[in-house]
Amino acid sequence: MNNSKLSVKDLDFYYGDFKALHNVSMEVEKNKVTALIGPSGCGKSTFLKTLNRMNDLVEGSKVHGTILYDGEDIYGKYDIIQLRKKVGMVFQAPNPFAMSIYDNIAYGPRIHGIKNRKVLDQIVEKSLFQAAIWDEVKDRLNKPALGLSGGQQQRLCIARVLAVEPDVILMDEPTSALDPVSTSRIEDLIDELKKDYTIIIVTHNMQQAGRISDSTAFFLHGYLEEMGQTETIFFNPSSKKTEDYISGRFG
Amino acid sequence: MQTKSRIHFSNMMKELNEQILKMGIYVEEAMKKAVAALRDQNIELAEEVIKEDDRINEFELELFDKVSILLATEQPVATDLRHLTGAIRIISDLERAGDYAVHIAKGAKRLAGETYITPLQQIPEAADMARQMLKDALTAFVNSDEELAREVASRDDVLDKLHKKLIKKMLKYMNKDSEAEIEQAANLMFLARYLERLGDHITNVCEWVIYSKTGKHPEL
Ligand SMILES: Nc1ncnc2c1ncn2[C@@H]1O[C@H](COP(=O)(O)OP(=O)(O)OP(=O)(O)O)[C@@H](O)[C@H]1O
Ligand SMILES: [Mg+2]
């Protein structure tokens, strides 16, 4: 498949002796939103983190199988710093650094060696603008990021990821702590961002998966039970287990 | 692991199914009375059918609102969703079926003063059949019984044959000299036509049963 941004093949993942992912294969399409759904503990976050090797930090973890990013094996000779720049991550709880709004955004680019103030200014403005929060913060760039509301903080975190010019954005329940209005703003933003990025989002909100994703993957007990077009998954899934889960009949 | 959950929603769905069955019984009764009124030339009975049609029309609107509220509050997906969208179509088919009973009742009133040119045979026979089909189609819906739905739809052929037989019979009166006989034959053909249409609506119900079960639109 030439439209594949990420191509996962026969992926097993272990936390020590515990096998958290079993033989997962998945094609993630370029410029699409892929939703990962499934009951708590089924391995969604684990899977998401294998995509930019965040799990490498967990002691005793083991990966089998391959993950190709633009055709290159990320568990091969791929440079990890480069990978994390290209495959950015937004977490469940907004986690701005205890510094100014400006510095939060400039942080990544600075690490990647950008010192020029004008260039940084541009990156900060562009990223905040793309994350649909520029108008709300442009007059308080030097104020602490922690003074923003939860929804604003989450958009700031998205801007922070965008600032290093990634290609893929991983989001782990990015709106679970937000009110419906902030949630809508993030959802609109995701819709906007997919023109330029490939997005994978974990969500427990079935309606959200239905609203924003092109494909939906249902995980169960560490297995990828079913994956398909979001319309198909929510209208006529093949697996009885998928149907029970999305219908809220699963316990 | 499957446990009981969404009990409230399941109860609401069960309640809706029961009400659809009840609406079906009203329609069936209306059809039964309408044809009896025609056969027995009973004007009072015919008027009862006409009057009671309001109840069927109101029932449709009530169930329509009920389904809308379930869609808004429970946000069903997949089979549940298709069952509800199918239900919307089915109650509208039932409402139409009620209208046909009214048409037949009105015909009964028109023909009550006449002497029948021939004993009514195909119309009551077709009505009995259609009523059973309707009952079975709704049973198929509430039980998501695809096989039964297909079987019911296949009976529509018999209804069509009865209809053709009646038409043939009536056409014989068409070249008679008596204007009254011609008019009565034409009236009976019209009434038979409503039963044939009723069969089509029942087939539609069967199609919605299969749709809600499979997500595919069958051509029955
Ligand atoms: N660092 C870790 N060490 C050991 N086991 C872990 C670790 N992180 C997760 N697990 C286990 O791996 C399994 C999958 O966890 P994961 O966090 O991927 O689930 P999840 O689908 O994201 O769940 P949730 O929806 O609750 O966030 C769970 O059984 C979990 O307990
Ligand atoms: Mg998780």
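This report describes the helical chain B and then parts of chain A in a predicted model.

Residues are numbered from 1 along each chain as its sequence is written, and chains are lettered from A in the order in which they are written. Because the model is predicted, local features need pLDDT of at least 70 and side-chain atom pairs count only at pLDDT 80 or more, while totals for chains, interfaces and linings use all residues, and side-chain values use heavy atoms, with hydrogens and water left out.

## Chain B

Chain B holds seven helices and zero strands, where helices (H or I, at least four residues) and strands (E, at least two) are DSSP runs numbered from the N terminus. The C-alpha trace of chain B spans about 75 × 30 × 20 Å along its principal axes. Of its 220 residues, 50% count as buried, a term that means under 20% relative accessible area, with exposed meaning over 50% and partly exposed in between (1.4 Å probe, protein chains only). Among contacts (heavy atoms within 4.5 Å) in chain B between residues at least 6 apart in sequence, 81% join residues at least 24 apart.

In the largest nonpolar core, which has 68 residues, Ile20(B), Ile104(B) and Ile123(B) touch the most other members; such a core is a set of buried Ala, Val, Leu, Ile, Met, Phe, Trp, Tyr and Cys residues joined through side-chain atoms within 4.5 Å. At least two residues of this core are supplied by each of α1, α2, α3, α4, α5, α6 and α7 of chain B, and the largest share, 15 residues, comes from α7(B). Leaving aside residues up to four places away in sequence, Ile20(B) touches Leu63(B), Ala87(B), Ile90(B), Ile91(B), Leu94(B), Leu138(B) and Phe141(B).

Helix α6(B), residues 156-174, has 19 residues and should span 27 Å at 1.5 Å a residue, which agrees with the 27 Å between its end C-alpha atoms; the expected span is 1.5 Å times one less than the number of residues. Its buried residues are Asp156(B), Leu159(B), Leu162(B), His163(B), Leu166(B), Lys169(B), Met170(B) and Tyr173(B). They cover an arc of only 145° around the axis, and therefore lie on the same side of α6(B), the arc being that of the directions from the helix axis to the C-beta atoms. These buried residues pack against α4 (122-142), α5 (146-154) and α7 (179-214) of chain B, whereas the face turned away from the buried side carries the exposed Lys161(B), Lys164(B), Lys165(B), Lys168(B) and Lys172(B).

## Chain A

Four strands of chain A form an open sheet in the order β2-β1-β4-β5, with antiparallel pairing; two strands pair if DSSP finds at least two bridges between them. At the edges stand β2 (18-29) and β5 (72-73) of chain A, each with a single partner strand, so one side of each is left without a neighbour in the sheet. Two antiparallel pairs of chain A are set out below.

| Strands | Bridges | One pair of bridge partners |
|---|---|---|
| β1(A) and β4(A) | eight | Asp12(A) and His64(A) |
| β9(A) and β10(A) | six | Phe219(A) and Leu224(A) |

The hairpin of β9(A) and β10(A) has two residues between the strands, and in it His221(A) takes a positive phi near 50°.

Glu59(A) lies in the loop between α1 (44-50) and β4 (61-69) of chain A and is exposed, with a relative accessible area of 79%. The C-alpha atoms of Glu59(A) and Ser127(A), which are 68 residues apart along the chain, are separated by 34 Å.
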